[in-house]
Amino acid sequence: MEEDVHRIELFRNRLRTLIVVEPVLDLLDFVPDEDKQRIRATLTQKGDICAADALLDAVIRGPRPPGWFVGFVAALETAGCGHAAKYAANEPPSAALEAENDNCVRLINLLQLSLVQMKTRDVCHRCHDRGRLTDEDRQNILAELDNRGPISGARLLLRRIMRNEIGWFSDFLDILRETEHMGLVRELQGEPLADPGEHLTNVYSESASLRDVSDPPADLKTEAQPEGEDVTTNLRRDSLYSSMDTGLDMSPNASLASVSDMDLYSELQDNQSMENLDCSMSECSKGPEGPDIVLHDYQMEVARPALDGNNIIVCLPTGSGKTRVAVYITKQHLDGRSSRGQPGKVVVLVNKVPLVDQHYSTEFGRFLKHRYKVERVSGNSQLKISFPEVIRKNDIIICTAQILENSFSSARGGHEDGIRLSDITLMVIDECHHTQKGGVYNNIMIRYLKQKHRNVQLQKEQKKPVNIPQILGLTASPGVGGARTQQKAEEHILRICANLDAVAIETKELGKEAKDPFKRIQSAAERKEDPFGDVIKGIMEEIHNHADLKPLCDPGTQNYEQWVVQKEQNAAKEENQKVRVCAEHLRQYNEALHQSNTIRMSDAFSFLNKFHAEELKKKYDPEAEESIQITDTERFLFALFKGKKEKLQDLAKHPEYENNSLTLLRETILKEFMGREEARGIIFTKTRLSAIALNQWISENKKFEACGVRASHLIGGGDQSVVKPMTSAEQKDILNKFRLGDINLLIATTVAEEGLDIKECNVVIRYGLVTNEIAMIQARGRGRAEDSSYTLVEMEGSGVAERESVNEYREKMMSRAIQRVQKLPRADYEKKVKEFQMQAIMEDRVRTKKKQQKSMKTEHPSKVRFSCRQCCAAVCSGQDIAIIENMHHVNVTPQFRELFLVRENTSLQERLLDYEVNGVIACKKCGQRWGSMMLYGGIECPCLHIKNFVVTYNKKNKVFSKWNELAIRFPAFDYVEHAQLVGQEDEDEEEEETE
């Protein structure tokens, strides 16, 4: 029994294309009625191949009573599926005969536009007389002929006859001769037509706008073919089989203008035959549509369930073409809906702004903008219309996930400036492993799951369900979510599948294409002497004593960083200015220690020197009559650094005291670039500071220049106070130079690990950086060129190598988990996914309810007060604060304006919609930064950043990092009222001047 099941699975790809579902299903008495109804529904909704798959699933799943297999084979034979019966009975044809039959099928597909012009009724009767069509086949074809016309009937006849036992092609040729279709016979045999226009007129009549009949498709010519030679002459000359091996795209959706780029023998063509001929014919008449989308066999295999309309996750390694798969699925989705007269709307979601332009320029725009309207939207976009208008006017929209979520929220709030889930027909989610609790992807998918759940209830009430989009997730690595056991890893994979409502996670072993880079771990010995670090530790010890602090861990470690951050927060709440300021300085010294262990001592010194210069600058206001307050503690800290500054600067000039990991990195880079004809690499490092410093170190070292290293740094675009972020334009420029070879070594933060389309490298170095297994896989995937290497450089005893080993174990755990999830029985899979989905919905309801209860308890803004985080000076009451665009908290009261000064914004100037950031606002008393000055509609609005304040409520002090953590509803900013006040003030000033 199990051998029979195994045989069905072995020949499934053949059987699914050869079985005629309806008559076979009627003859299978052991298949439950419930399964039969489901299979018939699939046949109606998704077509023969999907229904055949469902039938085979039902047969394998059982029940399988004694004699079931004999009955199954007999049903195939009786229903006229003798070819399928041969495979099921383990009597497949020889390889040669099978190949010949496949070529005959492909030839029919190639010439189908001619064949559908045949006299269908006559051919149908002759095929029936010869036993190539059953009684039911003939009835169905004649009914199709009468109801939908001769072309539709011809398509059904061709689909049915190609499922016959081997030998059908000879009979079909004889039948065409008997019914006086000699032109078709000659075409099928590769002979020249008696009249060059015969039947070719039919083939190209619908594509006359594309090219003249006398000029056959250029892609059908070979190099040796004379310019004027006829297509059919070319077919005749090369004979049947050789002419088939031309790389022609035989898929029903292929354009005649570009039939040269796909593999004729790909499995796709076996499975799609003629079911979508309407789409094929319509495409032929539309003219040039941009580059062909060519998929490898493995890409087509993972895409297939999505082409059938199912939600799936495509999990393929970095650089294996996941996005190209998504582009192909998008095109088929829109083409299919267009052919059915249905509107289509595709939204491609990304989690990083640079990916918006990247996906547009390299994939979706490149392949689809010639046929469909493609637009991109991100926070950096300068579009003059609203996002819902962009959605309405375009077919494909590429955007950051937060923009879509914001628009969903607006629609739920009743605003016109919002869209609904039902407006979208396909949603592509890039880097979908981020679809987890708390992420914006998950917020979007929770909306989807809720609507899907409501649709079930609507159907029970016999009401029309609300349309929800098809979901396509893309990832190189779903990870294990921190799982420590195999069971938890499987739960993590299932939860991702549930969150994306995926029927499966599709993976593919790529064989030779999946060659991993050579990997090595290099550990640098600890420094025997570290006088530079010793001076910094001495400074830190003096600060500990001054503030009476007793750390529980060694300086220079991550644990110390966490301890000092907590100390600063507690001191701010307690209004202990002495400890708060000391903790802030200790944090900077700790960072300098870390830098001295990874980059040059001179870089660490520059970092400290810049920090102290900025702190001193805060204490000076050129427009003020009096200097800003400097406390005794601040004087102590400034004097402490000043006293050690010269010594630190001198020690930084001694190369013998540099860390050994930097020496090891230098050796690794030189070895890789000198030992390769053409090297192209990426160095991943932890912080933006280290990326910039390493780039500077390389540019200043003549040895690197001598061996051809041309380096540049690549960092993220998020705002940071320490390092100026990179704009999207700057990132794009660097990546473009890297592709062109002007730059051959990138020093990057984790921004380059995931998503960004970086040209294949043969050198990948992770410099003291290890996070999780997803990041490891992503970074390693960058080294996908031939003979590539992946090197981890670490400091001995840092634990980096150990964490890398843990990640390698987790990667194997993840692979096993995916395989086990894929092998789960369908019923078990669906049950687990449904459980996780219901759990996610219930958790969201609880969170929403708590949020509502919290907002109901929200006090009036006047109940909270804000004070400066550094000097504890009273700043304002909550009633002085208003919100611009549900995002920016501003205080425009005259009293507040007297408390701050405005400094130049040293970080990047951002231009956002109709407001812009002009400068930094800081406390007049102590110089602590409070926020930024916004120009909103021509009005200056001081914008407050809550992280710079201590919030007092009910006599309790608290600190927050984001405004949404504070349960207070602030009123919206009244632009008109304030504009009138500003206008009145200006008039008063003008009157005073005239007097």
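Two strands pair if DSSP finds at least two bridges between them. This is a predicted model, in which local features need pLDDT of at least 70, side-chain atom pairs count only at pLDDT 80 or more, and totals for chains, interfaces and linings use all residues. Residues are numbered from 1 along each chain as its sequence is written, and side-chain values use heavy atoms, with hydrogens and water left out. Helices (H or I, at least four residues) and strands (E, at least two) are DSSP runs numbered from the N terminus.

**Sheet**
- An open sheet is formed by four strands in the order β15-β14-β23-β24, with antiparallel pairing.
- β15 (874-877) and β24 (956-958) are the edge strands, each pairing on one side only.
- From one strand to the next, the twist averages 30 degrees.
- Three bridges join β14 (residues 864-868) to β15 in the antiparallel sense.
- F866 stands opposite C876 in β15.

**Helix pair**
- α27 (residues 558-573) packs against α28 (residues 577-598) at an angle of about 160 degrees, and the axes are 8 Å apart.
- α27 is therefore roughly antiparallel to α28 (angles over 145 degrees count as such, on a scale from 0 to 180 degrees between N-to-C directions, with axes fitted to C-alpha atoms over the stretch in contact).

**Helix contact**
- Residues of α27 that meet α28 (contact: heavy atoms within 4.5 Å) include Y560, V564 and E568; on the α28 side, V579, L586 and R587 are among them.
- By class, the contact of α27 with α28 has eight nonpolar, one polar and six charged residues (Asp, Glu, Lys and Arg count as charged; Ala, Val, Leu, Ile, Met, Phe, Trp, Tyr, Cys and Pro as nonpolar; the others, Gly among them, as polar).

Definitions and conventions:
Parallel < 35°, antiparallel > 145°, perpendicular 65-115°, else oblique.
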